[in-house]
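Good morning, and thank you for the time on the agenda. Please look at the sequence and the structure on the screen while I go through the pockets, the domains and a few individual residues.

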Amino acid sequence: MEFSLEYFLQQLINGMTLGSIYGLIAIGYTMVYGIIGMINFAHGEIYMIGAFIAIITFLALALIGITWLPLVLVVMLAVSMLFTAVYGWALERIAYRPLRGAPRLAPLISAIGMSIFLQNYVQILQGARVKPMQPVLAGGIELMQRGDFVVNLSYLQMGIIVLTVVLMTVFWLIIGRTSLGRAQRACEQDRAMAALVGVDVNKTIALTFVMG
């Protein structure tokens with residue numbers, strides 16, 4: 001019974017970590033779907049590009065001799081967010097905005113096409129092989145132990161969960177208490193009426209893709 005409790009606790013920690021990652025991805029999906037009513041099928045590919053950019057940034061920093069871990073992590077996160085934001089903006093501008101007034105099937109096909117394009121684009125640039133990378137945050141906290149089974153909470157898992165909570169709180173504050181958030185909620189309810197009362201619909205949707 002005690003071993004089962006410890007096993008459950010470890011799986012709960014693993015589930016919270018994985019759920020935090022999925023939760024962040026889901027924010028981008030729901031923000032875009034809430035405003036334009038379309039699932040951005042290329043969102044996962046943007047996330048993948050962010051991971052590759054993070055690896056490239058890590059290797060570039062190592063080459064120029066920057067190895068202090070806190071600085072490396074901040075730079076990796078900032079560069080990945082910057083580039084994926086640009087990709088998100090370009091995706092909306094090229095693939096979705098020209099089809100905004102078209103029948104719903106047209107932007108859906110465009111989204112699937114962009115997803116396929118980005119997959120092959122990354123495969124051509126980076127190759128088809130898996131590029132493994134060891135966690136840069138090593139170590140953790142040992143919570144419980146029963147025989148050979150150890151319940152461990154790694155620093156990486158703590159970082160993922162804390163970062164997710166912080167970013168979700170920031171997004172909640174932006175949507176609920178800023179002018180951009182009010183514009184996003186207005187576009188969600190009625191884009192035509194939002195435009196009539198002075199909301200820049202194109203800018204609001206583009207910023208939503210950038211945030212996502």
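Predicted model: local features only at pLDDT ≥ 70, side-chain atom pairs only at ≥ 80, totals over all residues.

The lining of the second largest pocket takes at least three residues from domain 1 (1-36 + 140-211) and at least three from domain 2 (38-133). The volume of the second largest pocket is about 260 Å³. Its lining consists of 15 residues, and those nearest its centre are Ile36, Gly37, Met38, Arg104 and Pro107. Two elements, H3 and helix H4 (105-126), each give two or more residues to this lining. Sorted by class, the lining of the second largest pocket holds ten nonpolar residues, one polar residue and four charged residues.

Let me turn to the largest pocket. How many residues line the largest pocket, and which of them lie nearest its centre? The lining has 43 residues, with Leu24, Tyr47, Leu77, Ser80 and Leu163 nearest the centre. The elements that supply two or more residues to it are helix H1 (2-36), helix H2 (43-63), helix H3 (69-96), helix H5 (155-177) and helix H8 (201-211). Of these, H3 gives the most, with ten residues. The volume of the largest pocket is about 1,700 Å³.

The assignment for the protein chain gives domain 1 as 1-36 + 140-211 and domain 2 as 38-133. Their C-alpha centres are 18 Å apart. Across the boundary, 14 residues of domain 1 are in contact with 14 residues of domain 2.

Next, the chain as a whole. Its secondary structure comprises eight helices and two strands, and along the sequence the order is α-α-α-α-β-β-α-α-α-α. The C-alpha trace spans about 65 × 40 × 30 Å along its principal axes. Of the 212 residues, 30% are buried. Among contacts with a separation of 6 or more, 65% join residues 24 or more positions apart.

I now come to the charged pair. The count of salt bridges comes to one. The partners are Glu92 and Arg97, whose closest N and O atoms are 3.2 Å apart. Are these two residues buried, partly exposed or exposed? Glu92 has a relative accessibility of 1% and therefore counts as buried. Arg97, in contrast, is partly exposed, with a relative accessible area of 21%.

Three further residues deserve a place on the screen.

The first topic is Gly28, which is located in helix H1. Gly28 is buried, its relative accessible area being 1%. Leaving aside residues up to four places away in sequence, Gly28 touches His43 and Gly212. Gly28 and Ala54 are 26 residues apart in sequence, and their C-alpha atoms are 19 Å apart in space.

The next topic is Asn152, in strand S2 (residues 149-154). Asn152 counts as partly exposed, at 30% relative accessibility. What does Asn152 touch, not counting residues up to four places away in sequence? The residues are Gln10, Ile13, Gly140, Ile141, Glu142 and Gln157. Asn152 and Glu6 are 146 residues apart along the chain, and their C-alpha atoms are separated by 10.0 Å.

Is Val199 buried or exposed? Its relative accessibility is 19%, and buried means under 20%, so Val199 counts as buried. Not counting residues up to four places away in sequence, Val199 touches Ala183, Cys187, Ala194 and Thr204. Between Val199 and Ser179, 20 residues apart along the chain, the C-alpha separation is 9.9 Å.

Thank you for your attention.

Note on methods. Residues numbered from 1 in each chain as written. Heavy atoms only, no water. Salt bridge = Lys/Arg side-chain N within 4 Å of Asp/Glu carboxyl O. Buried < 20%, exposed > 50% of the residue type's maximum accessible area, 1.4 Å probe, protein only. 1 Å grid on protein atoms, 1.4 Å probe; cavity = no way out; pocket = protein on both sides within 12 Å on 5 of 7 lines; lining within 4 Å. Points joined across faces, edges and corners; volume = space filled by probe spheres on them. Helix = DSSP H or I, 4+ residues; strand = E, 2+ residues; numbered from the N terminus. Nonpolar A, V, L, I, M, F, W, Y, C, P; charged D, E, K, R; others polar. Domains from an automatic or database assignment. Contact = heavy atoms within 4.5 Å.
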